[in-house]
Amino acid sequence: MNPQDLPRELTHEATADELIAAVRAVAQGPLADVVEACDREGFYPRAVLQQLGALGVFSAHLDAPVGRADYGLAIRAMAEVSRVCGATGFMVWCQAVCGLYMQASGNPALMGPALAAHASGATLGGTGMSNPMKSYAQIESLLLKATPVDGGYLVNGTLPWVSNLGPDHACGVLAAVMDGDEPAGRELMFLLRCDAPGVELRECPSFSAMEGTGTYGLRLKDVFIGADETMADPAKPYIARIRAAFVMLQCGMAVGVVQGAIDSMWAVEAQLGHVNQFLEDRPDALQAELDALTARVMRLAETPFNPSVDFFIDVLDARAHGAELSLRAAQSALLHQGARGYLMSSEVQRRVRESHFVAIVTPAIKHLRKEMARLSAEVMPA
């Protein structure tokens, strides 16, 4: 689907509600048709992703001229996708956050035509920032090393899994800058092109879910990174500026997975409501909790680059609430559906596994709680 083929209401002039309606149609049509293949066969839904890109899903949060600067809209669109397929919703987040990296870099080589192509879905990419985010939280050490050379850096190392990748994709990653054999005390963030010399994509072991996410291990051997690929050097001030937006966007996955679980509960209410009434976490109560969380996220989305520590703690807390609610809602949906929800082909069974991913993907619940404790101690010293 090309942008020129879209009716007026699906172009840049479309209202937010028109865009959401169009996304819902794609999610419940073409995406629903391949969701089992994504989950069971590792099918990568490239055509669906590019259809979503043509609608404006990947550009909603970006500043003009490529986007609407509307993080709330981006989160709502991601939720509509995740409501049908959590794996594809995750890839929408990967694509969206890579666009955030590119625009926030201020690098002309990563903006203009390159950003427009990414924002429209003409080019696809992800984020290899799980290890760096854990490193900043003192959970892991940085796995990529950047050695200064004439005109840039040579980067070496491995990342165990990075999603929404393929031979013609790219991703935002970060490496420790080295001074000889020792860290130089700063990091380099850059766009890594998967077809660059020295980049190897390696197949990952099978996961319990999210198999169709284009997830690979990355091995880098003397990969040259020059000015055209550089997003930030040093990276820490840049990361501090975008970290709340990075985490906030993930709330779209949680909202969608929870809503899908609630949908599954209502689907059996007519037949099983007489006995399901004795379960905890009934669909009306979960819906009220989800609506309150969504409203909270929408308020946070009005100021995604608020630099205050209190704001970031609120974002982390909302993200943690979304993960915890995903676990509860998916399990409750299984209990509501009973034996039919225990079939391997059941959307409920898939959603239980997707909810586990929402809870462990970086930042995982334990990571979120660790950061909230650390930041709260800094805000309120003993």
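Where is the place of proline 363 in this chain? Proline 363 sits in the loop between helix H12, residues 347–360, and helix H13, residues 365–379. I start there as the bond leading into that residue is one of the things I want to show you. Before that, a word of caution: what you see is a predicted model.

First, the overall picture. The chain has 13 helices and eight strands. Its radius of gyration is 21 Å, close to the 21 Å that the globule rule gives for 382 residues, so the chain is as compact as a globular protein of that length. If you draw a box along the principal axes, the C-alpha atoms fill roughly 70 × 60 × 40 Å.

Of the 382 residues, 55% count as buried. The accessible surface comes to about 16100 Å², and carbon and sulfur atoms hold 55% of that surface. As for contacts, take those between residues at least 6 apart in sequence: 75% of them join residues at least 24 apart. On charge, there are 30 positive and 43 negative side chains in the chain. The centres of these two sets lie 3 Å apart.

Now to the rings. A pair of aromatic rings is described by the distance of the centres and the angle of the planes. How many aromatic pairs does a search of the whole structure find? The search finds four, and I will go through two of them.

One is tyrosine 71 with phenylalanine 305. Their ring centres are 5.8 Å apart and the planes stand at 90°, so this pair is edge-to-face. Tyrosine 71 belongs to helix H3, residues 71–84, while phenylalanine 305 is in the loop between helix H10 (283–300) and helix H11 (309–337), so the pair ties together parts that are 234 residues apart in sequence. Are these two residues buried or exposed? Tyrosine 71 has 3% relative accessibility, and under 20% means buried, so tyrosine 71 counts as buried. Phenylalanine 305, at 38%, counts as partly exposed.

Another pair is tryptophan 93 with phenylalanine 246. This pair is also edge-to-face, with 5.2 Å from centre to centre and 80° between the planes. Tryptophan 93 is in helix H4, residues 86–105, and phenylalanine 246 is in helix H7, residues 236–249, so here the pair ties together parts that are 153 residues apart in sequence. Tryptophan 93 is buried at 3% relative accessibility, and phenylalanine 246 is buried at 2%. Both residues belong to a cluster that ring pairs build from Phe90, Trp93, Phe246 and Phe357.

Next, the backbone. Most residues other than glycine have a negative phi, and most peptide bonds are trans. Here are some exceptions in this model. A cis peptide bond joins threonine 362 to proline 363, with omega about -5°. That is the bond I had in mind at the start. The peptide bond from aspartate 233 to proline 234 is cis as well, and its omega is near 5°. Proline 234 is in the loop between strand S8, residues 230–232, and H7, the helix that holds phenylalanine 246.

Then there is positive phi. Glutamine 138 has a phi near 60° and is not glycine. It is found in the loop between helix H6 (130–136) and S2, and at 70% relative accessibility glutamine 138 counts as exposed. Aspartate 222 has a phi near 50°, again a positive value in a residue other than glycine. This aspartate lies within strand S7, residues 216–226, and is partly exposed, with a relative accessible area of 42%.

Two more places to look at. Aspartate 150 is in the loop between strand S2 (144–149) and strand S3 (152–162), and with 76% relative accessibility it counts as exposed. From aspartate 150 to glycine 226 is 76 residues in sequence and 9.1 Å in space, C-alpha to C-alpha.

Last, tyrosine 44. Which loop holds tyrosine 44? The one between helix H1 (16–41) and helix H2 (46–55). Leaving aside residues up to four places away in sequence, tyrosine 44 touches several residues, among them Leu49, Met91, Leu124, Asn164 and His169. Gly212, Thr213 and Gly214 are also touched by tyrosine 44. Alanine 27 is 17 residues from tyrosine 44 in sequence, and their C-alpha atoms are 15 Å apart.

How values were computed:
Residues numbered from 1 in each chain as written. Heavy atoms only, no water. Helix = DSSP H or I, 4+ residues; strand = E, 2+ residues; numbered from the N terminus. Rg over C-alpha atoms; globule rule 2.2 N^0.38 Å. Buried < 20%, exposed > 50% of the residue type's maximum accessible area, 1.4 Å probe, protein only. Contact = heavy atoms within 4.5 Å. Areas by Shrake-Rupley, 256 points an atom, 1.4 Å probe, with all protein chains shown as cover. Lys, Arg positive; Asp, Glu negative; His and termini not counted. Charge placed at Lys NZ, Arg CZ, Asp CG, Glu CD. Phe/Tyr/Trp six-rings, centres within 6.5 Å; stacked < 30°, edge-to-face > 60°.
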